[in-house]
Amino acid sequence: MLSWALIFFVLAIIAAAFGFGGIASASAGIAQILFVVFIVLFLISLVYRAARRS
């Protein structure tokens, strides 16, 4: 999932460089959402592993 966030981030940078503001903002928004979902799932995974070892 982190790789998808990075792909959309790179797409946003390329689109912004060529002047496509709408596509750049949409790609940046998708990248932010995917990054937040990745962080949440990562934290849930850490908590689950810590609870399982106890």
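## Basis of the description

The model is predicted, and local features need pLDDT of at least 70, side-chain atom pairs count only at pLDDT 80 or more, and totals for chains, interfaces and linings use all residues. Residues are numbered from 1 along each chain as its sequence is written, and side-chain values use heavy atoms, with hydrogens and water left out.

## Overall form

The protein contains two helices and zero strands; helices (H or I, at least four residues) and strands (E, at least two) are DSSP runs, numbered from the N terminus. About 55 × 15 × 10 Å is the span of the C-alpha trace along its principal axes. The radius of gyration of the protein is 15 Å, whereas a compact globule of 54 residues would have one near 10 Å. This radius is taken over C-alpha atoms, and the globule rule is 2.2 Å times the number of residues to the power 0.38.

Of the 54 residues, 13% count as buried. Here buried means under 20% relative accessible area, exposed means over 50%, and partly exposed lies in between (1.4 Å probe, protein chains only). The accessible surface comes to about 4,400 Å², and 78% of that surface belongs to carbon and sulfur atoms. Accessible areas come from the Shrake-Rupley method with a 1.4 Å probe; for residues, only the protein chains shown count as cover.

## Helix H1

Helix H1 comprises residues 2-17, 16 residues in total, and reaches 23 Å from its first C-alpha to its last. That reach is close to the 22 Å expected at 1.5 Å a residue, the expected span being 1.5 Å times one less than the number of residues. After H1 comes Gly 19, which has a positive phi, near 90°.

The buried residues of H1 include Ala 5, Ala 12 and Ala 15. They lie on the same side of H1, because they cover an arc of only 90° around the axis; the arc is that of the directions from the helix axis to the C-beta atoms. The face turned away from this buried side carries the exposed residues Leu 6 and Ala 17. Helix H2 (21-53) is included in what covers the buried residues of H1, where contact means heavy atoms within 4.5 Å.

H2 has 33 residues and a reach of 48 Å between its first and last C-alpha atoms, close to the 48 Å expected at 1.5 Å a residue. Ala 24, Ser 27, Ala 31 and Leu 34 are buried in H2, and H1 is included in what covers the buried residues of this helix.

Two of these positions illustrate the cover. Ser 27 lies in helix H2 and counts as buried at 5% relative accessibility. Leaving aside residues up to four places away in sequence, Ser 27 touches Phe 8, Leu 11 and Ala 12. Ala 31, also placed in H2, is buried at 9% relative accessibility. With the same exclusion of residues up to four places away in sequence, Ala 31 touches Ala 5, Phe 8 and Phe 9. Ala 31 and Phe 9 are 22 residues apart in sequence, and their C-alpha atoms are 5.6 Å apart in space.

Ala 50 is likewise located in helix H2. This residue is partly exposed, with a relative accessible area of 46%. The C-alpha atoms of Ala 50 and Ser 25, 25 residues apart along the chain, are separated by 38 Å.

## Aromatic pairs

A pair of aromatic rings is described by the distance of the centres and the angle of the planes. Rings of Phe, Tyr and Trp (its six-membered ring) pair if their centres lie within 6.5 Å; planes under 30 degrees apart count as stacked, over 60 as edge-to-face and the rest as tilted. The whole structure holds two aromatic pairs. The rings of Trp 4 and Phe 8 have centres 6.4 Å apart and planes at 35°, so this pair is tilted. Both residues lie in H1, four residues apart, about one turn of the helix. Trp 4 is exposed, with a relative accessible area of 53%, while Phe 8 is partly exposed at 22% relative accessibility.

Phe 38 and Phe 42 form a stacked pair, with 6.3 Å from centre to centre and 15° between the planes. They both lie in H2, four residues apart, about one turn of the helix. Phe 38 is partly exposed, with a relative accessible area of 27%; Phe 42 is also partly exposed, with a relative accessible area of 43%.
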